[in-house]
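Trainee: Could we walk through this model together, one question at a time?
Mentor: Gladly, let's have a look at it first.

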Amino acid sequence: VDLKKLPGASGMTGLPGLPSLDSSVSDNVAGTLQYCVKNNYLSADAASGLKDKLMAKVPGQDEDYKKGEQGKLTGSDGKTLDISSISSKLRRKACDQVLSSAKSLI
């Protein structure tokens, strides 16, 4: 998949194709971090504390969290990127970018 051709290419800096993220999608970002840890794209040490802090901001695990756990990152702009559908190398980059963005949401 050529991320430059995906919707939302102006999203997060560093990797085109990722949707815009802000605090309104904290639960989805937390679920996506869980996906990244579960699939060894991020270490639990790097992501778990952030995931827990994000989850503290939202009431319970909802549908957006569950979508994130499946690798479906949904941005505040309504655009979605299925991380599981891109190459392994790009998945790692996407997870790094989600982690970086999550830090700014805390």
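Mentor: Gly78 sits in the loop that links β1 and β2 (80-82), where strands are DSSP runs of E with at least two residues and helices are runs of H or I with at least four, numbered from the N terminus. This is a predicted model, in which local features need pLDDT of at least 70 and side-chain atom pairs count only at pLDDT 80 or more, while totals for chains, interfaces and linings use all residues. Residues are numbered from 1 along each chain as its sequence is written, and side-chain values use heavy atoms, with hydrogens and water left out.

Trainee: Is Gly78 buried or exposed?
Mentor: Buried means under 20% relative accessible area, exposed over 50% and partly exposed in between, with a 1.4 Å probe and protein chains only. Gly78 has 56% relative accessibility, so the class is exposed.

Trainee: How far apart in space are Gly78 and Val25?
Mentor: In sequence, 53 residues separate Gly78 and Val25. From C-alpha to C-alpha, the distance in space is 9.7 Å.

Trainee: How many residues of α1 are buried?
Mentor: Helix α1 covers residues 26-38. Its cover includes α2 (44-56), α3 (63-69), β1 (72-74) and α4 (88-105). Among the buried residues are Gly31, Thr32, Tyr35 and Cys36. Helix α1 is mostly covered, and the count is 11 of 13.

Trainee: How are α1 and α2 oriented to each other, roughly parallel or roughly antiparallel?
Mentor: Their axes, lines fitted to C-alpha atoms over the stretch in contact, lie 9 Å apart at an angle of about 160°. Angles run from 0 to 180 degrees between N-to-C directions; under 35 degrees counts as roughly parallel, over 145 as roughly antiparallel, 65 to 115 as roughly perpendicular and the rest as oblique. The pair is therefore roughly antiparallel.

Trainee: Which residues of α2 make the contact with α1?
Mentor: Contact means heavy atoms within 4.5 Å. From α1 come Ser26, Asp27, Val29, Ala30, Leu33, Gln34 and Val37. Their partners on α2 are Ala44, Ala47, Leu50, Lys51, Leu54 and Met55.

Trainee: Which helix and strand elements are included in the cover of the buried residues of α4?
Mentor: The buried residues of α4 include Leu90, Ala94, Val98 and Leu105. What covers the buried residues of α4 includes α1, α2 and β1.

Note on methods. The expected span of a helix is 1.5 Å times one less than its number of residues.
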